[in-house]
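Here is a short briefing on a ligand site and a strand beside it. Look over the sequence and the model first.

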Amino acid sequence: MNESTPARPVVFSAAQPTGQLTIGNYFGALRNWVALQEGRECLFCVVDLHALTVRQDPKVFREWIADLAALYLACGIDPEQSAVFIQSHVPAHAELAWMLSTFTQVGELERMTQFKDKAQRHKTNVNAGLFTYPVLMAADILLYGTHQVPVGDDQKQHLELTRDIANRFNGIHGPVLQVPEPIIAKGAARVRDLQDPTKKMSKTAASELARVMILDDPKLILKKFKKAVTDSLGEIRYDNENQPGVANLLEIWCAATGNDMDAALSHFSHNMYGKLKVETAEAVIALLEPVQSRFKQWREDEPALAKVLAAGAEQARGRAEVTMGKVHDALGLMVESGRFE
Ligand code: TRP
C-alpha cells in the first residue's frame with residue numbers, strides 16, 4: 001500500500017466470459033477476491049466486451065456471461081458488499097477507453113505480450129479490438145478510481161500500461177485519474193496443467209484431462225486427477241524441477257485443504273502416487289461441492305441473478321459518472337447544457 005491508499009480502498013477485478021473457469025482460476029483469483037471484500041469497496045465485473053475480440057457464438061456467449069456472473073456469486077462474492085456487474089451494462093467503459101486510446105502509443109500496444117500471443121493464435125482475425133484490448137482494461141480500472149487490482153502474472157504488463165496511461169493523462173491534465181497498484185495474492189497457488197505440469201493450467205488446453213473445471217462433476221474430477229502425469233521416481237517429494245507433476249498435486253492439495261507444504265510432506269511421505277492423486281481429488285471435490293450447488297441455485301433463479309446484476313450495474317454507473325465528469329471537464333469537452341468551463 002502506498003500513502004494515497006485510503007482506509008477503504010477501491011478494488012476492481014474482472015474475468016472474461018469465454019467458457020468455464022478452471023480450479024487455477026479459483027485458487028489464483030476468485031477465492032482471493034472473496035477475501036478482499038472485507039474492508040474494501042470491491043467491484044467485480046464480467047468483461048463481455050473484452051471477449052468480443054475473439055469471435056463468439058451469440059447463443060453460447062449469452063450463457064457464458066450469465067454463468068460467469070453466477071460463478072462469482074457461487075464462489076462467495078457477496079452482492080450486498082460488492083458490486084457484481086456486466087461490463088456492457090456500463091457504457092462508460094467503452095467511452096473512457098476511446099479517450100484513453102488517445103493517450104496510448106501504438107508502440108506500447110505492440111509490445112504487449114498477450115497481444116503478440118493472441119495475434120499468433122488467431123492469425124485470421126487480428127482485429128483492432130485485440131490490439132486496443134489493454135486500453136479497454138485500463139478504462140475498466142480507471143473508471144472507478146481503483147486503488148488496488150488483484151491480477152495474475154499474465155496481466156501485470158497490462159496493469160503497468162494502465163498506470164502509464166493514468167500518469168500520462170494526469171501529467172497533461174492534472175490529478176484526475178487514480179493510479180492503481182497491483183495486489184499479488186499471498187499464497188495463491190499456481191495450479192499447473194495435469195498433463196504437462198511444466199505449464200500453467202489453462203482453460204484452453206488441448207486435452208480435457210489437462211484441466212479441472214470449477215463446475216466439473218466429482219467423478220470427472222477424480223478421473224482427471226487419477227490420470228495426472230507424474231514421473232517414475234516413485235517418491236513423494238516437493239521438487240518442482242525434477243518432479244513437477246507431484247509438486248503440482250502437492251500444491252493443489254495444500255490449496256484445497258489449507259495445509260502447508262511441511263504438513264503435506266509428512267502426510268504423504270511413504271505413500272504412493274495413487275494416494276496423493278485420490279486425496280487431492282477428494283480435497284478439491286469437497287471444496288467445490290458448495291460452490292457447485294450455489295452455482296446451480298443462482299443459475300436456476302434467473303430473476304434473482306438479473307436483480308443482482310442490475311443493482312451492480314446501477315452502482316457502477318453512478319461511480320463511473322463521477323470519473324467521466326472529471327475526464328470530460330479535464331479534456332475540455334462541452335457539457336450538454338452548453339456551459340463552457
Ligand atoms: N484481461 C483480464 C484477463 O484476461 C480481464 C480483465 C479485463 C481485467 N479488465 C480487467 C482484470 C481489469 C483486472 C482488471 O484476465
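Which residue of β2 does Ser13 stand opposite? Ser13 faces Phe44. The model is predicted.

**Strands β1 and β2**
- β1 and β2 (residues 41-46) run parallel and are joined by six bridges.
- Between β1 and β2 the chain passes through helix α1 (residues 23-36). This β-α-β crossover is right-handed.
- β1 is mostly covered, with five of its six residues buried.

- Tyr133 places a polar side-chain atom 2.7 Å from a ligand nitrogen.
- For Asp140, a polar side-chain atom lies 2.6 Å from a nitrogen atom of the ligand.
- Gln155 has a polar side-chain atom 2.9 Å from a nitrogen atom of the ligand.
- The ligand taken alone exposes 370 Å², and the protein buries 90% of that.

**Make-up of the shell**
- Two elements, β1 (10-15) and α7 (128-142), each give two or more residues to the shell around the ligand.
- α7 gives the most, with four residues.
- The residues around the ligand include Phe12, Ser13 and Ala14. Tyr133, Met137, Asp140 and Ile141 are also among them.
- Others in the shell include Gln16, Val47, His50, Val149 and Gln155.
- By class, the shell holds seven nonpolar residues, four polar ones and one charged residue.

Note on methods:
Residues are numbered from 1 along each chain as its sequence is written. This is a predicted model: local features need pLDDT of at least 70, side-chain atom pairs count only at pLDDT 80 or more; totals for chains, interfaces and linings use all residues. Side-chain values use heavy atoms; hydrogens and water are left out. A residue is near a molecule or strand if one of its heavy atoms lies within 4 Å of it. A polar contact is a pair of N or O atoms within 3.5 Å; within protein, one must be able to donate a hydrogen and the other to accept it, and residues adjacent in sequence count only if both atoms are side-chain atoms. Accessible areas come from the Shrake-Rupley method with a 1.4 Å probe; for residues, only the protein chains shown count as cover. Ala, Val, Leu, Ile, Met, Phe, Trp, Tyr, Cys and Pro count as nonpolar, Asp, Glu, Lys and Arg as charged, and the others, Gly among them, as polar. Buried means under 20% relative accessible area, exposed over 50%, partly exposed in between (1.4 Å probe, protein chains only). Two strands pair if DSSP finds at least two bridges between them. A crossover is right-handed if, with the strands pointing away from the viewer, the path from the first strand over the helix to the second runs clockwise.
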